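Please read the following briefing alongside the sequence and the coordinates. It takes up a few helices in turn.

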Amino acid sequence: MMSYRIAQIRLVNSHPEVYDPCDDSFALVDALLADRTNLLEHRPIFCLEIGCGSGYVITSLALLLGGDVCGSYFIATDINPHALDVTSDTLKAHGVHAELVNTDVAAGLEGRLMGLVDVMVVNPPYVPTPEEEVGCDGIASAWAGGENGRSVIDKILPIADRLLSDKGWLYMVTLTANDPSDICLQMKKKGYAACIVLQRSTEEESLHVIKFWQDPNSKLEANKAKVLNHGV
Ligand SMILES: C[S@@+](CC[C@H](N)C(=O)[O-])C[C@H]1O[C@@H](n2cnc3c(N)ncnc32)[C@H](O)[C@@H]1O
């Protein structure tokens, strides 16, 4: 088996109801590639992708960390069962492995993974749409993000906070319409620092990949706010 640094498009499987790798998927993988040295030094144990679609991102992450011999354990979820079949084929075609879970965000995994995830990657449904399109059957659920494209993102953020380890990193794709500064502010309130690791404008959209990590100063402020809000 040849070893690749990231997934090869020709080996990525597809299905009419599964999101094919697109500009946003490429932006996320490019951001991971650009951060590869840090990722290798980070030596993550548990890596999680929420919403794996075709498997292009989780396969690339597994490959760039060194594949099945790197000591990392990869898990990917998707609400769309077809996505897990496609991801399984994509992983196999590249000779890497991940545990695949058909669930809403990370439901059912929180007990097991609480505070353990060292790297989380998310390319969420972020397109502003009517709220009723969010989570609907079919391919539209791959991009339908509700008001300001924030419905699924806002559901993921508190879950990410519970799952990430103390040294955990979250890489998330957002669109200008999602108000990335507000997303960073919401995460700051939970004790995370953030930086935009990649910004890319296409004809249709302006994408950002934001990296979040726990910051002792933000954590202190977040804990202070928690205590004050509870009137202790
Ligand atoms: C924009 S696509 C990204 C797919 C893939 N990660 C990529 O970058 O090419 C978003 C993915 O999230 C999945 N998804 C949407 N809502 C979800 C939810 N509540 N829980 C888990 N996955 C979800 C969709 O089925 C879709 O596969």
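Predicted model: local features only at pLDDT ≥ 70, side-chain atom pairs only at ≥ 80, totals over all residues.

**Helix geometry and packing**

Helix H6 (residues 151-163) has 13 residues, which at 1.5 Å a residue should span 18 Å, and the end C-alpha atoms of H6 are 19 Å apart, in agreement with that expectation.

**Helix H6**
- The buried residues of H6 are Val-152, Ile-153, Ile-156, Leu-157, Ile-159, Ala-160 and Leu-163.
- These buried residues pack against several elements, including strand E1 (46-50), helix H5 (110-113), strand E4 (117-122) and strand E5 (164-175); helix H7 (180-189) and strand E6 (192-201) are also among the partners.

**Helices H3 and H4**
- The axes of H3 (residues 56-64) and H4 (residues 81-93) come within 9 Å and cross at roughly 30°; because angles under 35 degrees count as roughly parallel, H3 and H4 are therefore roughly parallel to each other.
- The crossing of H3 and H4 is right-handed.
- On the H3 side, Tyr-56, Ile-58 and Thr-59 meet Thr-87, Thr-90 and Leu-91 of H4, and the residues of this contact divide into 3 nonpolar, 3 polar and no charged.

**Thr-90**
- Thr-90, which lies in helix H4, has 0% relative accessibility and therefore counts as buried.
- Neighbours within four places in sequence left aside, Thr-90 is in contact with Leu-11, Val-12, Asn-13, Ser-54, Gly-55, Tyr-56 and Thr-59.
- Between Thr-90 and Asp-24 the separation is 66 residues in sequence and 18 Å in space, taken from C-alpha to C-alpha.

Technical notes. Residues numbered from 1 in each chain as written. Heavy atoms only, no water. Axes fitted to C-alpha atoms, helices over the stretch in contact; angles between N-to-C directions. Helix = DSSP H or I, 4+ residues; strand = E, 2+ residues; numbered from the N terminus. Parallel < 35°, antiparallel > 145°, perpendicular 65-115°, else oblique. Left-handed = near helix turned anticlockwise from the far one by under 90°. Contact = heavy atoms within 4.5 Å. Nonpolar A, V, L, I, M, F, W, Y, C, P; charged D, E, K, R; others polar. Expected span 1.5 Å × (residues − 1). Buried < 20%, exposed > 50% of the residue type's maximum accessible area, 1.4 Å probe, protein only.
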